[in-house]
Amino acid sequence: MSNKLIDLQHITKSFDGTMVLDDLCLYIRENEFLTLLGPSGCGKTTTLRILGGFEHPDSGRVIFDGADITDLSPNKRQLNTVFQKYALFSHMNIADNIAFGLKIRKKSKEYIDDKIKYALKLVNLEGFETRMPDSLSGGQQQRIAIARAIVNEPKVLLLDEPLGALDLKLRQDMQYELIRLKNELGITFIYVTHDQEEALTMSDTIVVMNQGYIQQIGTPEDIYNEPQNAFVADFIGDSNILPGIMIKDQLVEFMGARFACVDTGFGTNKPVDVVIRPEDLKLFALPEGAEKGSEAYQSCVSKAEALNPGYLTGVVSHLIFKGVHYEMEVQSGGFEWLVHSTRLFAVGTKVLMSVDPFNIQIMNKPESEDEQAVALEDM
Amino acid sequence: MKKHNGLINGPYLVWTAAFIVIPLLLIFYYGLTDKSGHFTLSNIAEMGTPERMKALWLSLILSLLATFICLLMAYPLAMILAKMKTAMGFIVTIFIIPMWMNSLLRILAWQTLLERNGVINQFLRMAHLPEQHLINTPYAIGLGMIYDFLPFMLLPIYNSLLKIDSNVINAAYDLGANRWQTFWKVTFPLTLPGVISGITMVFVPALTTFVISDFLGGSKVLLIGNVIEQQFTQVGNWNVGSGLSLVLMVFILISMALMNHFDKSDEGAAGIL
């Protein structure tokens, strides 16, 4: 996993004067499952198309296996692409679709037949040789598109939102299928998606992109647990993001209360962004009619304080049952908190709200106004 | 099929009966009877005269040639149009609009150009070059056919090109095909339905035309369309006219059957590959 297989150096690309990629630098290691993740228009597909050779960068170089392939046409690259909406050749049967690249390379008939069998077995569609693409379901067509690409033994498989057109259940099945394929083939996968769940499930490395910039590169765990900025925190999973002040190391103030946290090195009295995942917020129901200072109230406060010296009071304003958990909105100090809990708190319940210090994520506020605008626009 | 509502289909059925089925039956009736109404095949045998065979032969050659040249011209043009961005598309549209004008007018325009004292010969005279005998030749008729029917080849090919997902073309490049291979193995086969309807839409009217040969062939060059027309309008023998039409209809049916066959065989397997 150490070899740099692909190196994108200072890639810039604009369409009709709109900057799509701005000085993008990224390397991809051998046998990595790398996902380019971001909202539409973030430049992820353009990056993939530059890798595939369908777009030429305005400036910058694409290095593949030590050689500069920036100016190489797609048919001369050792990469194969699985396109959005499959892009099968509708006038050919499945066998001819899969054999397309091999026939171009003038492989022997025996070799081609073997490869077709092998590829169909790999994607669990044995016996489909003479079927026409139109007669296959979306999921099956997608598998054929993958089979058609991998018979050419590419070093890298590029996948452009391949599961986008499939329904939820099929999409989940195909995610496992893709991981299995990747492990069996032992090649590099570069995957483009706007679906954070897909990215988290399958990737070794996730590259979060927005407006032509890379926002964060890291393992799925890194990206989810340690988002580097408000955009990443907001895009990956649900988050509560609010302004706060870092009083000193391991102490942050927001919504008028001071909370213990684990972050250090932000300085003193520094404005920061605070991110708390909805599943990390803990609610404690105040007994009905309990006055502030009463014994019942105090026992509730001490439960909250056991978790974190800081706590907030609020009222549950919304409740949705989501299957595994309840999704609630809690109004507190004019801010709507999103809370996930397996316990039910009815609408109207007064609650104390606290969070484990470890689960408070502190982020620097964007420095320049530009960055801030970018972050806010997409929230 | 769902059972259709008779009331909604009514006008269509009346139309079909009045303008398609009944005229067709009349042609069959006239074509297979003599003046006194008795059954005969002699109207069909009328085609056998050398003069008419020559007209039929010339019609077939000219319409096949015109179809072929239309295809050669329309396909690249359709490809250019399909790739065109909107701004450029407007300019091209201006060039293409004349194609959609009344075909009679456009043939008349060619007559003016090609005539003995027409625009081209006047120009040659001014340049002190020998005058050319252009009008009333099979070449003039062929030219008229190509000019007249090019849009009918262009449009179906253009439509089928537009329908191709650009990623399908990209997939062919991605799998190692160069431009030439991609065209012959992917683009062309995918537009074959358009090519086939284009061929049908050019070949059939070209084979049966009498207007183009009237204006550009004078009475010097007769096509089978003219021969049939004369039977109806000048000789007044509807029986022979219908008999000859039936023969022509056989050729049209054969050509359409051939086209259908190509269309189907392509669906079954990668025919061209």
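Ala, Val, Leu, Ile, Met, Phe, Trp, Tyr, Cys and Pro count here as nonpolar, Asp, Glu, Lys and Arg as charged, and the others, Gly among them, as polar. This is a predicted model, in which local features need pLDDT of at least 70, side-chain atom pairs count only at pLDDT 80 or more, and totals for chains, interfaces and linings use all residues. Residues are numbered from 1 along each chain as its sequence is written, chains are lettered from A and ligands numbered from 1 in the order in which they are written, and side-chain values use heavy atoms, with hydrogens and water left out.

Start with chain A. Its mean pLDDT (the predictor's confidence in each residue, from 0 to 100) is 90. In chain A, 96% of residues reach 70 or more. Residues 369–379 of chain A fall below 50. Chain A has ten helices and 20 strands; these are DSSP runs, helices being H or I of at least four residues and strands E of at least two, numbered from the N terminus. Of its 379 residues, 52% are buried, meaning under 20% relative accessible area with a 1.4 Å probe and protein chains only.

Now the interior. A nonpolar core is a set of buried Ala, Val, Leu, Ile, Met, Phe, Trp, Tyr and Cys residues joined through side-chain atoms within 4.5 Å. The largest has 54 residues. A:Phe89, A:Phe100 and B:Met145 are among those touching the most other members. α2 (94–104) of chain A supplies at least two residues, as do several helices of chain B, including α3 (50–83) and α9 (179–208). α7(B) gives the most, with ten.

Next, the open spaces. A pocket is an open set of points on a 1 Å grid over the protein atoms alone, with protein on both sides within 12 Å along at least five of seven lines; lining residues have an atom within 4 Å of a point. The largest pocket holds about 770 Å³. Of its 23 lining residues, B:Lys83, B:Ile169, B:Asn170, B:Tyr173 and B:Arg179 are closest to the centre. α8(B) gives the most to this lining, with five residues. By class, the lining has eleven nonpolar, nine polar and three charged residues.

The second largest pocket holds about 530 Å³. It is lined by 21 residues, and A:Leu88, A:Ser90, A:His91, A:Asp134 and B:Leu190 lie nearest its centre. This lining divides into ten nonpolar, four polar and seven charged residues.

Terms used. Contact = heavy atoms within 4.5 Å. Buried < 20%, exposed > 50% of the residue type's maximum accessible area, 1.4 Å probe, protein only. 1 Å grid on protein atoms, 1.4 Å probe; cavity = no way out; pocket = protein on both sides within 12 Å on 5 of 7 lines; lining within 4 Å. Points joined across faces, edges and corners; volume = space filled by probe spheres on them.
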